Amino acid sequence: QVQLVESGGGLVQSGGSLRLSCAASGIIFRMCVMGWYRQAPGKQRELVADITSLGRTNYSDAVKGRFTVSRDNAKNLVHLQMNSLKPEDTAEYHCNARCKVDLLGRELDYWGQGTQVTVSS
């Protein structure tokens, strides 16, 4: 059974920092691109950052230079270090695993339940 469990959310003042973590189980971690998405009330879910098993990263323009995504392939963990937080970063943050499931390159997406990040001004 696949599980992605996020932790580290909370309330922080503008300019502060938080570190989110996602613990993955039930997947072949090295076969997955791990990502963080967020969804604010009334808005669509959007990609924040993702990272391949080889450590190649991708960030949305909104967080580039402030957030850093990393992964520990030995422990099946992925982290999101968020610095210089702004009120517009307020959202529920979800861990995502996009995993190759066969030699044809087909993929499956798995999602965590989410962790709330609230940034006060």
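Me: Is the disulfide of Cys 22 and Cys 95 left-handed or right-handed?
Reply: The torsion about the S-S bond of Cys 22 and Cys 95 is about -80 degrees, so this disulfide is left-handed. Please keep in mind that this is a predicted model, in which local features need pLDDT of at least 70 and side-chain atom pairs count only at pLDDT 80 or more, while totals for chains, interfaces and linings use all residues. Residues are numbered from 1 along each chain as its sequence is written, and side-chain values use heavy atoms, with hydrogens and water left out.

Me: ok, and which parts does that pair tie together?
Reply: Cys 22 lies in strand S3 (residues 18-25) and Cys 95 in strand S9 (residues 91-100), so the bond ties together parts that are 73 residues apart in sequence. A strand here is a DSSP run of E with at least two residues, a helix is a run of H or I with at least four, and both are numbered from the N terminus.

Me: how many disulfides are there by this rule?
Reply: The count comes to two disulfides, where a disulfide is a pair of cysteine sulfur atoms within 2.5 Å. Cys 22 and Cys 95 have an S to S distance of 2.1 Å, and Cys 32 is joined to Cys 99 with an S to S distance of 2.0 Å.

Me: where do Cys 32 and Cys 99 sit?
Reply: Cys 32 is in strand S4 (residues 32-39) and Cys 99 is in strand S9, so to speak distant parts of the chain, 67 residues apart. The torsion about their S-S bond is about 105 degrees, so the disulfide of Cys 32 and Cys 99 is right-handed.

Me: are Cys 32 and Cys 99 buried or exposed?
Reply: Cys 32 and Cys 99 are both buried, and Cys 22 and Cys 95 are buried as well. Buried means under 20% relative accessible area, exposed means over 50%, and partly exposed lies in between, with a 1.4 Å probe and protein chains only.

Me: switching topic, how many helices and strands does the chain have?
Reply: The chain has zero helices and eleven strands.

Me: and what radius of gyration does it have?
Reply: The chain of 121 residues has 14 Å, which agrees with the value near 14 Å that a compact globule would have. The radius is taken over C-alpha atoms, and the globule rule is 2.2 Å times the number of residues to the power 0.38. Along its principal axes, the C-alpha trace spans about 50 × 25 × 25 Å.
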